[in-house]
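Thanks for coming. Please have a look at the structure before I start.

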Amino acid sequence: MKKQGILNSDISRVLSYMGHTDCIAIGDCGLPIPDEVERIDLALAFGEPTFMRTLEIVAADMKVEKIVLAEEIKEQNPVILDKIEEFFAGQEIEAEFVSHTELKKRTHGCKAVIRTGETTPYANIILQSGCIFA
């Protein structure tokens, strides 16, 4: 039995397979997930688990060099945006804002999309993997 880190076997497996510049997404319960991309469904009920708690746990177990967020989060969900910025504060992580439509297109290139129970708008992020030995 694992002693530390992510206990979810699917998330743990995907993270261990990822290389530099590979991506994984974390989304609210409404984010469409492309059929060809692995779906890791954590949603238990509306609001559970939260987007932020899921992000905190996943990002603690991977090297993140870049995040991609929907431009719409700035106006439609500034509370979550503030929490994301606070979480990554002091880290050298590039942040890119794209339209929500573009973010959904980019999920096609992700290794997996983790679905949370989050019900606030635009609580979606793509995490790009960095290099752990550079």
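The largest nonpolar core has 29 residues, and Leu-55, Ile-84, Phe-88, Ile-125 and Leu-127 are the ones that touch the most other members. Keep in mind that this is a predicted model.

Where do these residues come from? Two or more are given by each of helix 1 (9–17), helix 2 (51–60) and helix 4 (78–88), and likewise by strand 1 (23–27), strand 3 (64–70), strand 5 (112–115) and strand 6 (125–129). Helix 2 gives the most, with five residues.

Take Ile-84 as an example. Which residues is Ile-84 in contact with, once its neighbours within four places in sequence are left aside? From helix 2 (51–60), the contacts of Ile-84 include Phe-51, Met-52 and Leu-55. From strand 3 (64–70), they include Ile-67 and Leu-69. Ile-73 and Ile-125 are also in contact with Ile-84.

Now the cysteines. How many disulfides does the model have? The count comes to zero. For Cys-23, the nearest cysteine sulfur belongs to Cys-110 and is 5.3 Å away, whereas a disulfide needs the two sulfur atoms within 2.5 Å, so Cys-23 is in no disulfide. Cys-23 is buried, at 17% relative accessible area.

Cys-29 is in no disulfide either. Its nearest cysteine sulfur is again that of Cys-110, here 18 Å away. Is Cys-29 buried or partly exposed? With 22% relative accessibility, Cys-29 counts as partly exposed, because buried means under 20%.

Technical notes: Residues are numbered from 1 along each chain as its sequence is written. This is a predicted model: local features need pLDDT of at least 70, side-chain atom pairs count only at pLDDT 80 or more; totals for chains, interfaces and linings use all residues. Side-chain values use heavy atoms; hydrogens and water are left out. A nonpolar core is a set of buried Ala, Val, Leu, Ile, Met, Phe, Trp, Tyr and Cys residues joined through side-chain atoms within 4.5 Å. Buried means under 20% relative accessible area, exposed over 50%, partly exposed in between (1.4 Å probe, protein chains only). Helices (H or I, at least four residues) and strands (E, at least two) are DSSP runs, numbered from the N terminus. Contact means heavy atoms within 4.5 Å.
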